[in-house]
Amino acid sequence: MDYTGCSGGGRDCQDDLVMTAYQRLPSASFSPVPGPDGDVQEAETRTSAPYDLAWIDHRGTATWDRRSLPDTPEVEAAVSSFARGTMLRGPRGPVAVEDLIPGDRVSVRGGGTAQIDWIGSRSYAGQDQRPLFYRVAARAFGAFGPDQDILLGAAAHVLIDSPRCRELIGGPLAFAPIAAFEDGHRVAAIAPPGEVVVYGIACRTQEAMLAEGLPVESYHPARATAQSLTRTVLADMGRLFPQTATGAGFGAPRIPYLTMTEARQLATVGA
């Protein structure tokens, strides 16, 4: 299968987009809004899980905390992009995701770097329900990466740069779920035995970070709010991203998302 690739060329998809309601991007910066008391009470009755969070606080200092958060698909997706050991490019060379801290910079598509503002992770013991990972073989996306085999989390989104995107969203660039490219060979779903840790990284704006050369999206809440925009979800996002307590947002996303169906269509027909 010849997957569509990712490159440093092309223009951002915000120009003259023709998108479905599902893909339409917010025009303003995302900032969580606390829910009413009823939402808080509802959240307290839901199953929770421990999440390790690190972020840049209002003083510009890296801060760490472990928080018990609702075990929901929206929260889990925020920390399910990278497996432990995934190497991201930085100004001084490759760095494992578990060695990064808020304030570090990572290389992004098109050149330059972006500052990490938030890192979240969740550990799964051997007896826990196993999260899915996707092993992406070297050159699974052709000349655009990855440079060697990597293991991505189930919620990872990769950058697609293809003329066929224009037929779907009006521009050549889009983020697509890695799960859409699963073929058992170049992209294979696996559930590693033993304890595993998954990670998510967020920057101030939506970025395409380079993981072994493959552009992978930094987490942006537009993923969740595009499908489940409720006050409860927004309240959960506020607890998950403490740096937003001062009113700071993520900025409007610049590149839209392909649905699973659209991404599979691209994977089937090729670039």
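Start with a surface over the whole protein chain: its accessible area comes to about 11,900 Å², and carbon and sulfur atoms hold 50% of that (Shrake-Rupley method, 1.4 Å probe; for residues, only the protein chains shown count as cover). This is a predicted model, in which local features need pLDDT of at least 70 and side-chain atom pairs count only at pLDDT 80 or more, while totals for chains, interfaces and linings use all residues. Residues are numbered from 1 along each chain as its sequence is written, and side-chain values use heavy atoms, with hydrogens and water left out.

Now colour by burial. Of the 271 residues in the protein chain, 52% are buried (buried is under 20% relative accessible area, exposed is over 50%, and partly exposed is in between, with a 1.4 Å probe and protein chains only). Switch to cartoon and you get six helices and 15 strands (DSSP runs numbered from the N terminus: helices are H or I with at least four residues, strands are E with at least two).

**Stop one: alanine 78**

Select alanine 78, in helix H2, which covers residues 73-78. Its relative accessible area is 0%, so alanine 78 counts as buried. What does alanine 78 touch once neighbours within four places in sequence are set aside? Show Trp118, Gly200, Tyr219, Leu240 and Phe241. Draw a C-alpha to C-alpha distance to leucine 240 while you are there: 8.6 Å in space, against 162 residues in sequence.

**Stop two: glutamine 206**

Jump to glutamine 206, in the loop between strand E13 (196-203) and E14. Glutamine 206 is buried, at 1% relative accessibility. One runs side chain to side chain, to glutamate 217, at 3.0 Å. The glutamine 206 side chain also reaches the backbone nitrogen of isoleucine 255, at 2.8 Å. Beyond four places in sequence, the residues touching glutamine 206 include Phe175, Ser218, Phe250, Tyr257 and His220.

**Stop three: histidine 220**

That last one is worth a click. Histidine 220 is in the loop between strand E15 (214-217) and helix H4 (222-225), and with a relative accessible area of 1% histidine 220 is buried. Follow its side chain to the backbone oxygen of glycine 251, 2.7 Å away.

**Stop four: two positive phi angles**

Most residues other than glycine have a negative phi. Glutamate 212 has a positive one, near 55 degrees. Find glutamate 212 in the loop between strand E14 (208-211) and E15, where, at 14% relative accessibility, glutamate 212 is buried.

Arginine 139 also has a positive phi, near 65 degrees. Arginine 139 is in the loop between strand E8 (133-136) and strand E9 (150-153) and is partly exposed, at 42%.

**Stop five: salt bridges**

How many salt bridges does the structure hold? Ten.

Next, pick aspartate 149 and arginine 135, whose side chains meet at 3.7 Å, N to O. Aspartate 149 lies in the loop between E8 and E9 and arginine 135 in strand E8, so this pair ties together parts 14 residues apart in sequence. Both are partly exposed: aspartate 149 at 45%, arginine 135 at 28%.

Then go to aspartate 57 and arginine 59, a salt bridge at 2.8 Å, N to O. Buried or exposed? Aspartate 57 is buried, at 12%, whereas arginine 59 is exposed, at 62%.

Finish on arginine 67 and aspartate 65, a salt bridge with the closest N and O atoms 3.0 Å apart. Arginine 67 is partly exposed, at 24%, and aspartate 65 is partly exposed too, at 32%.

Note on methods. A polar contact is a pair of N or O atoms within 3.5 Å; within protein, one must be able to donate a hydrogen and the other to accept it, and residues adjacent in sequence count only if both atoms are side-chain atoms. Contact means heavy atoms within 4.5 Å. A salt bridge is a side-chain nitrogen of Lys or Arg within 4 Å of a carboxyl oxygen of Asp or Glu.
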